[in-house]
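Reader: I would like to know what stands behind the terms used for this model. Please take them one at a time.

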Amino acid sequence: MKTENQKAWFFVLPVLLLVAFNALIPMMTVVNYSVQETFGDNMFFWEGLTWFENLLRSERFHASLGRQFLFTGLILAIEIPLGIAIAMSMPRKGFWVPFCLVIMALPMLIPWNVVGAMWNIFTLPDIGLMGYFLNHVLGISYDMTQNVFAAWVTIIIMDVWHWTSLVVLLSYAGLVSIPEAYYQAAKIDGASNFAVFRFIQLPKMKNVLTIAVLLRFIDSFNIYTEPFVLTGGGPGNSTTLLSIDLVKIALGQFDLGPAAAMSLIYFAITLLVSWLFYTLMTKDDAR
Amino acid sequence: MAKITLSQLRHSYFDNPKTPDDYALKEIDLDWDDGGAYALLGPSGCGKSTLLNIISGLRAPSEGRILFDDQDVTDLPPDRRNIAQVFQFPVIYDTMSVYDNLAFPLRNRQVAGHLVDKRVREIAQMLEVEDMLDHRAAGLSPDNKQKISMGRGLVRDDVNVVMFDEPLTVIDPHLKWKLRSKLKELHQRVRATMIYVTHDQTEALTFADQVVVMQEGEIVQIGTPVDLFERPAHTFVGHFIGSPGMNVLPCEVKAGGAFIEGQNVALEGDIDRNKAGKTQIGIRPEYVALGDQGLPAIVKKVADVGRHYVVEALMGEQKVSAIIKHDVPNPGEQVHLQFKPAQTRLYMDDWLATTAREGSAS
């Protein structure tokens, strides 16, 4: 006989309250702002969906969204394969393992704004190590405050430097969990190195790679501090990513209504793309 | 298919082995005939997996040679030795279908498509997995996964030897028996040399024609299951095989006879005069009877194991097991133990030191 017991609801309540206070209620205030106009003094005017309509038609929004996708696409295309390659070339056992792991973990331990400041100094054309070397030793004209291409290359390299380690460590964890017998069986079966990668290593890394792709997508799509400190969105608006643009609208122009609408759309896109990635990468498991 | 010869094989995991204890394998000389079913039996850590990996080429021996049909393969990599190995945990390629898994070793060797198809279907039929060929291998149950990894070994018709490294470890008990008889059947059909590594005596004795018993890197006895049971060449074999194992009782040897607590115990035959050392009598519980005369002992426990009773008696401090069918004594009762002379053997320093009289064996 099944016993009906409503007590369970009582145990869920604390979590519900916690989620309400740290997510649902703040989120609802954003929803509240997104449909109204305010000039401060707690005065609100109903606007309906106007901010959303304006935003979706706004060229400025399209441009920063495009830049955002370009940035995220590029860093995923570089960091994921590079991370796998580095993980595969790391030693599996022995003296160098902890050494490699610490070296790999170091960049991730540095705070975002410090990374931005470091790279800012590093790339200064007259005194920065890289800037000086490129301009005065190699004779390549490089100034990321003037040149759009240089600015993009710099923010991409900075992100690759800062976050490839995450992919490396996750892939490495996936690699070391493969039992030795798989490699031995592959040897006996006469599999080539590529076949070992394609049919053993890659499938065994798939779960951790799904996590790596999701984390790197979410983090890079929401990136703010590092490019803001490094380029401030410039030269011009060339590196103004979505989050930088959002802060400009919300705090620079104090357009709280449009900024709230933008936040919601921003959130919806992040959620949608994450869901797509997850569904695509795990669709085989269901079978 | 091939005859396998191991010649003066030694292996150590240390770079500079000094004492014999540094060797995981101590001097192995062995011939395995083409098409035979062999088992390597021994407790964990006795070197049997090391030996297996040396034969398959996954590990290079420190010393000695391996010959397949008198051709030296010691320096050949695994894929050039034409061997197949089934591991303790089923190894399957998750993303491939069952069909592709079975075809993989053939495709890697550039076998023509129609031959691959023919072989895969043949093997699938033998293993009774035809209806799963299109399934993704990742979704199979452990016993089917293990069948597929066996199939990948059997699919090549040029295999010299198929090796099994404790292949039934992860299989449910009720399926173990099924898979074991499948293996035996496969051996009869494909006629490849098979080597089966295990620490389970039932698996070894039911699978193999010849069992190699190993202990601490040494081969202690090679023989048919009956040999191992009837005439263990070493007390370890006596202990390890049988349930319960052989009784090994300290004894004194004087004037060509063996004595336990002053009583003469009849042996199967004459004592080997060339051997010396610690003397013990070995007698299987199956050949210990209770009677009015014999060695006095006190019954300690009686266990009903179904078809018979296992009586555990104390002869002084010494524990002796006996297997009896009826007239079960009660714990605490005084009994007399009688050993069947033809099955009573003397061991010196753990090695068999009696020879059976003509016609009195078993």
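Reader: Which residue in E8(B) does Asp165(B) stand opposite?

Author: Asp165(B) stands opposite Val197(B). This is a predicted model, in which local features need pLDDT of at least 70 and side-chain atom pairs count only at pLDDT 80 or more, while totals for chains, interfaces and linings use all residues. Residues are numbered from 1 along each chain as its sequence is written, and chains are lettered from A and ligands numbered from 1 in the order in which they are written.

Reader: What makes E7 and E8 of chain B a pair?

Author: Strands pair if DSSP finds at least two bridges between them. Strand E7 (residues 161-165) and strand E8 (residues 193-198) of chain B are joined by 5 bridges, so they pair, and they run parallel. Strands (E, at least two residues) and helices (H or I, at least four) are DSSP runs, numbered from the N terminus.

Reader: Why are E6 and E10 of chain B called edge strands?

Author: The open sheet has 6 strands in the order E6-E7-E8-E3-E9-E10 (chain B), with mixed pairing. Strand E6 (83-86) and strand E10 (218-223) of chain B each pair on one side only, so they are the edge strands.

Reader: How many residues of chain A are in contact with chain B, and what does contact require?

Author: Contact requires C-beta atoms, placed from the backbone, within 7 Å. By that rule, 15 residues of chain A are in contact with 21 residues of chain B. H8(A) gives the most to the side of chain A that touches chain B, with 6 residues.

Conventions:
Contact = placed C-beta atoms within 7 Å.
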